[in-house]
Amino acid sequence: MFFIIFVLVFNAGYAQDKAVVSDYDSVMARMRHVALFQATYPQEKVYIHFDNTAYFKGERIYFKANVIRADRGTATDLSKVLYVDLLNPSGDVVHKSKLKIENGETHGDIPLDSIIGTGFFEVRAYTRYMLNFGEETAFSRVFPIFRKPEVEGDYSNPTIDPAAFYHRLPERNFTDDSVATLDPVEMKRRNGRDYQVNIYPEGGKLVKGLVSRVAFTVLDSDHHPVALLGEVVDADNSTLTVVESNTEGKGIFELIPTSTRLTMLLTNPEMKKLEFEMPEVLEEGVVMLVDAVRDGPVCARVMATDGMVGKFMAYTLMNNGNVYAHDTLRLSGSRDILFSRRRLRPGVNQLTLFDAKGHIHAERLFFVCPEANALDSIRIDHPTDTLKPCSPVRLTLHSAPNARFSLSAMDAGSLLNGKSGNIATYMLLASDVRGYIPNPEYYFESDDREHRLAADSLMLFNGWRRYDWEVMADVSPWRNGIIHQVEDQLYVYGRLKPSLSKWKKNNPVEGVDMSLYIYNKEGKNLTGETRTDSTGFYAFSLPDIEKLWNMQIVTKIEDKLKSYEVMVDRQFDPSPRYISLQEASQHDNAFHLAGFHADNVAFLKMDSQRAYMQQVGRNEYVTSPVRIKPKKDWRNFKSDWRDEYNAILHADLRYDAQKVAQDYADKGEPQPSVYDWLVEHTSAMDGTVNIRLAESDDERDYLYGSATYNNRDILWVVDNQFMGRTGKGISLDGEPVKFNWELEKLPPILPTFLDEVKSVYVSVSPGPVHVYESMRYYGRDAFLYRQELQPPGATVYVYTLPYYNAASKKGRRRTYFQGFDVPTKFKTEDYSILPPMPDDYRRTIWWQPEVVADENGDATVEFYNNSRCTDMYISAEGVTPDGRFVVSP
């Protein structure tokens, strides 16, 4: 009997020890996967420093970009191509820059003289490789762009166009998928009002019988924060805790769940109780509460239910994807894990608690404020405290040795919209959390309890995992994997697809000989040869070329041209993101000014017309484009068919039809009807558009159908000629519109497919009016519409290609290739040569994207003041060779 008991006990102990070894090996394997993933797929971060805080139409956005390899904190050695997009308030890309990255830096500019409309525009920046880790990794900042001042230099009344579709909110122009990360736990309608409640348990889960900290937000139907009172009740309707959201719509509370189903009851202003279901409560589980506010070490308290006590667990602590602390533990009822503040990395830290199978039981972000260091700042000195109009300004800058930074000097009198962070606040904080952060500099001001508490609340409300631990640990599959390769130079690559035409033979895609020909307007050309692999994939590498080039790709088999759909892999624009109301609002200025004072010397008054005429004639000093309307020669009227100036003047929306057509070709998809595509992609449009072809020389083609804009008729203008009207009740049987042309017959050919069109503009009518318009084109009636019809909801201007050459012939794809953009040099006046100019109204007085400190950390910048600046705001930001961020106060 004794022997049997001994054997049973021994075997049980041995099995238990074996299980421990197995669990230990498993968690260590997960940690190795995390380290291997980080070494194999390091992430990049992009930050952009701008020359100003808001802009007016006609100005130019200058910027400097720093691209950092996050795991090392130094300049990237991966990507060499940066994309910088300007998106209008509706989420359309209206300008794209493609810039060459050298030593982790690049700079460029965005002209604002041809944008349509005003409003809150977004600038985003990314490398293609960054998109493998989610579109949220792209840098993004929103700026107000105001109307051009009616009086030159008068910036006292900044104005934005009030247009409904100019708000990029979830309920307008976007599907639910585009704002999925902001979906509430539950949203219910009560008394005609919608409330969106987002609930965030600390660590991610609620467990029955364990104390939990919960953050929540409340927004109304217009996405404004709402202050409400309420309570959380269990399945028996017993109150567990009282909750309250503040004026920012945010609240935090603690509770101990007593049942697996909890409900939040909020009382609205009409004193009605609204019910919102809380996240699921687990019967058994683990809760982790992190105290990053108290003095001393950061404490993570891990609590477990009885059924989880004794379970083998492990944790990792990551910063920028690097694991710098880890350990194993056995769960008890409650256990504290302490982290010395001196050993914690500055910025956002990610603490993950997981089991031997790699399942996450709790995860939490917390922020560590970096220590203040004089070398992390840029001190700016100026020898004089007095600013004179058009006078020289000399700045001496002191920073870390060999630091590289950009500098902007702005007229403080024309500053708008406040500031929104710097390179340190973005790289250490904003890039690792979700959503807009007002005044991010606040979290870096001090490491006292008040600032720690604010930062800790931010982690609860804005928590987002830039680094997906389960993917890194090989627990969950990488959703898309590496689909975007590192662009270490310029490439053209894609796949061949059998021809879409039913009349053409489906040729094999393997072993196809491909030739690349690119050429530009200057007569330069490049050629290349390659052959497809078994999947039809091909690739060409290109040297560093600049600007736009024409491109032809030729496909052959045994030296004979063969037809294929030549797809080019270049359609990877991130989706438009949700923009919060806080971002789309003007903010108060709170700038640390340079301390200059105005001098009493001022310009004598000068006749404004005479002063203007003194500038004209020296084109290099004219700051805004001037359009001269020449006397019209009607014999060359045909050349004006495609003059888009009139559409630009009136348009509210613009579509680059050629880019969209090339997008379809890149994907190997057939070209859609230009009218069907337009109706589908313009949210306010509905219905169909048809073409009636002329039956005799006395008739003309025209458009008709049921298409409407906001349920009102649409006028269609093709190449500046009225070509029809669509709307409810307008059919082919109706009386055709009478044309008023006294010229020779030069009717445009109505385009059918999208690749026949250059661009499309939509001009939205303000509403039903009693004034009936007629468009005058160089003194003649270009089109009329019958006055007995209701005024239209919109006018659509369609401009066709001068001659249709976009179609690819057998074995030949014609398209384009965008090389690197060439930055525009910042324009300023050299008053050492020119006399002072009384109307030099530069808002950005000086922009210098590349300033390099010497071995002592010193640099000097010199420029000339504008004609009226009395105080300046100086902004300087950059990086040291060892990866520390330097900023001016």
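Helices (H or I, at least four residues) and strands (E, at least two) are DSSP runs, numbered from the N terminus. The model is predicted: local features need pLDDT of at least 70, side-chain atom pairs count only at pLDDT 80 or more, and totals for chains, interfaces and linings use all residues. Residues are numbered from 1 along each chain as its sequence is written, and side-chain values use heavy atoms, with hydrogens and water left out.

**Exercise 1. Describe the largest cavity and its lining.**

Step 1. Take the definition. On a 1 Å grid over the protein atoms alone, a cavity is a set of points where a 1.4 Å probe fits but cannot get out; lining residues have an atom within 4 Å of a point. Grid points are joined across faces, edges and corners, and a volume is the space filled by probe spheres set on the points.

Step 2. Count. There are two cavities of 30 Å³ or more.

Step 3. Give the volume. The largest cavity holds about 100 Å³.

Step 4. Find the elements. Strand 26 (360-368) and helix 3 (449-462) each give at least two lining residues. Helix 3 supplies the largest share, four residues.

Step 5. Sort the lining. Ala, Val, Leu, Ile, Met, Phe, Trp, Tyr, Cys and Pro count as nonpolar, Asp, Glu, Lys and Arg as charged, and the others, Gly among them, as polar. Among the lining residues are F367, C369 and H451.

**Exercise 2. Do the second largest cavity.**

Step 1. Its volume is about 80 Å³.

Step 2. Strand 22 (312-319) and strand 25 (347-355) are the elements that give two or more residues to this lining.

Step 3. The lining of the second largest cavity splits into five nonpolar, four polar and two charged residues. W464 and R466 are among them.

**Exercise 3. Check the cysteines: how many disulfides does the structure hold?**

Step 1. A disulfide is a pair of cysteine sulfur atoms within 2.5 Å.

Step 2. The structure holds zero disulfides.

Step 3. C369 has 12% relative accessibility, so C369 is buried. C869 has 3%, so C869 is buried.

How values were computed:
Buried means under 20% relative accessible area, exposed over 50%, partly exposed in between (1.4 Å probe, protein chains only). On a 1 Å grid over the protein atoms alone, a cavity is a set of points where a 1.4 Å probe fits but cannot get out, and a pocket is an open set with protein on both sides within 12 Å along at least five of seven lines; lining residues have an atom within 4 Å of a point.
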